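The structure is placed first, and the entries follow.

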Amino acid sequence: MQVLCWLLCLGLSEALAVLPKEQVARHAAKLYRSKTPAHGHSWVTNNCKRLVGLLRQKNVAVNKLSVAAVAVGRDQSLSEPEKHFQVHTLEVFQKELNESEHLVFQAVHGLQRVLQGDYRDVVNMKESSRQRLEALREAAIKEEQEYMELVAAEKHQQEALKSALAQNKTLSILEEILEDVRKAADRLEEEIEEHAFDNNKQMKGVNVEAVLRVEEDEEKGGKKKNKSTQEEVEDGLGLSMLIDSQNNQYVLTKPRDSTMPRADHHFIKDLVSVVMLSLPCGWVCSLMGFPPMFGYIMCGVLLGPSGLNSIKSIVQVETLGELGVFFTLFVVGLEFSPERLRKVWKTSVQGSCYLSLLMVAAGLLWGQLLHIRPNQTVFVSTCLSLSSTPLVSRFLAGGSRVDREGDLDYSSVLLGMLVMQDVQLGLFIAVMPTLIQAQNGDLDSFLFGGLRVLKLLAQVLVSLAAVLLLCLVLRSFLIGPFYKKLHAESKGNKEILVLGMAAFVFFMLTVTELLDVSMELGCFLAGALLSSQGHMVTAEVMGCIEPIRDFLAIIFFASIGLHVFPTFVLYELTILVVLTLTLVVMKFVMAVLVLSAILPPSSRHIRWIVSAGLAQVSEFSFVLGSRARRAGIISREVYLLVLSVTTLSLLLAPLLWRVTTHRWVPRAERKALT
């Protein structure tokens, strides 16, 4: 009953827009008296009178503020900046009163809209809730802006008071120096402050959302420290965490005050936990005869969401792990000379393309039998056709492989095919919008997307040609003098050499990324270019970079474990084991068939080893799967299946590699590989 009365009192404001707002309540009360029982008269009358009184008081206050602003403008004793500040402060007060009145009537309009809707129509209720949420977001932005203006006004008043007190007393030399430093500090803060909130809030695609701010002390379950004012809490050096309505967690990336150093303690603790637990896990796996990377993955499982859930900065840990991928491929390039690259490039391009086409064809066949949409089967098949370059690089690390005259080295063919798959990965990421259009069922857009795919393919070929031309120029004119200069400057100081090599890796990474080719290819080519300078250069660079590579690779394999969910694997163990074994066997057989067709007769004996290295799924399927799930290409169930099959294939890969190398690799090389 009370809700209906407020609706009658205020909801008629649209129809009576020509009347002053203080008359709306009188008309509503008059209308209500003819339709309600006698016992409700007093409630309606009292609340309508209160509303009328508040609206009148608001109008009186606004008029007084307008008069005060005019008086300030006429005051000759004030300077122009002081006049501008005082008038602006009065305008802020006026805006606060008008916005408060607007929110009252806006709430009533929202109530009227909800009451007029159909409660059985969920879509209508959702739209009404969305409109109310948008109104609240706009109101929150306005209120935040007014609050910051009032904070600035308060600060200005305090500074004015300090200035007045300073004029009435004699300042010492130290106080004058500090006063000058204070003014310089104020100017510095104004110069470096970016006003990111004000600059971005009106941009297209920017939404205002409600978030929870969790202080560091509250996360630990303890009580907050006693702070005298809210400003002291905001200016504290501790980092708080923000949690939105979708349960995404955020940490501070750039503070408003850049003059004070801050550290992400969550990230530091996460790195400490990963490194300390990786040691015993890797040690135990080595004692049991398993590769140490098993232990690193198990470390991620134990610390991740499915275990102790102690890793707070998952995204930051994964980002640092990506650096391990970059330096791993750089080291692979150091062991992969341009002569070997020229020998196997044809086989690598043909093998990777044929294998991907066979996987897509097999996926479409299974999709036709199981009545799965073609865009889903194309995505899943392409995703599963990729193999893990960092994992195979660890298999090949330290191997003493000797090329026989006229034969192809299995490591060269394997790495060449993996590098070409990385190129295909970049192309596939660019094609994903076309799959999204196909998911929406837009035939015209899909046909247009087909033409777009051909255009992207041509762009990739041009980009590859540009990258190869750049590599030729660098090798002919720049790599030699660059390394000689670094070597001369780094005598007795290896950090210059390490920094120079890292800068060269990141330069090639940036170039290939700008040309829309995979960043991993740039890292590989950086190592290959340096390997062209001779064995002495390769050995010196390897000695500096390998410790960095090993540390970052540990973080990378631990980050893989963060996406392993043992409970889900146990729930669906049978189907996951069947799917993983089927996938591994199918990729192995397809690789053997493709290599048997394209390898020369004298080198066909290496097809078994290369096929074993390709018979797993790349860790980049985690990234592709998450993007596809957000875009609606695959469902949550398919995403979890892809995630679990990828993880199990990576865990099974070392066993398959060891069995294959034991059978087909000579004993001398086998010792180095295992």
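I began with handedness: H15 passes H25 in a right-handed crossing. I call a crossing left-handed if the near helix is turned anticlockwise from the far one by less than a right angle, and right-handed if clockwise. Helices (H or I, at least four residues) are DSSP runs, numbered from the N terminus.

The model is predicted, so I required pLDDT of at least 70 for local features and 80 or more for side-chain atom pairs, while totals for chains, interfaces and linings use all residues. Residues are numbered from 1 along each chain as its sequence is written, and side-chain values use heavy atoms, with hydrogens and water left out.

**Entry: H15 and H25.** I found that the axes of H15 (residues 389-396) and H25 (residues 636-664) come within 11 Å and cross at roughly 30°. H15 is therefore roughly parallel to H25. The axes are lines fitted to C-alpha atoms, for helices over the stretch in contact, and angles run from 0 to 180 degrees between N-to-C directions. Angles under 35 degrees count as roughly parallel, over 145 as roughly antiparallel, 65 to 115 as roughly perpendicular and the rest as oblique. Leu-391, Phe-395 and Leu-396 of H15 meet Leu-650, Ala-653, Pro-654 and Trp-657 of H25, where contact means heavy atoms within 4.5 Å.

**Entry: H18 and H19.** I noted an angle of about 135° between H18 (residues 494-514) and H19 (residues 519-531), with their axes 7 Å apart. H18 is therefore oblique to H19. On the H18 side the contact includes Met-501, Phe-504 and Val-505, and on the H19 side it includes Met-519, Gly-522 and Cys-523. This crossing of H18 and H19 is right-handed.

**Entry: salt bridges.** How many salt bridges does a search of the whole structure find? I recorded five, each a side-chain nitrogen of Lys or Arg within 4 Å of a carboxyl oxygen of Asp or Glu. Glu-489 forms a salt bridge with Lys-485, the closest N and O atoms being 3.5 Å apart. About one helical turn separates Glu-489 and Lys-485, because they are four residues apart in H17 (residues 443-489).

**Entry: surface.** I looked up Trp-366, which is found in H13 (residues 338-370). Trp-366 forms a nonpolar surface patch with Leu-365, Leu-369, Leu-370 and Ile-372, together about 550 Å² of accessible area. Patch residues have over 30% relative accessible area and no salt bridge; like charges are joined within 9 Å, nonpolar side chains (Val, Leu, Ile, Met, Phe, Trp, Tyr) within 5 Å. Areas come from the Shrake-Rupley method with a 1.4 Å probe, and for residues only the protein chains shown count as cover.

Conventions. Helix = DSSP H or I, 4+ residues; strand = E, 2+ residues; numbered from the N terminus.
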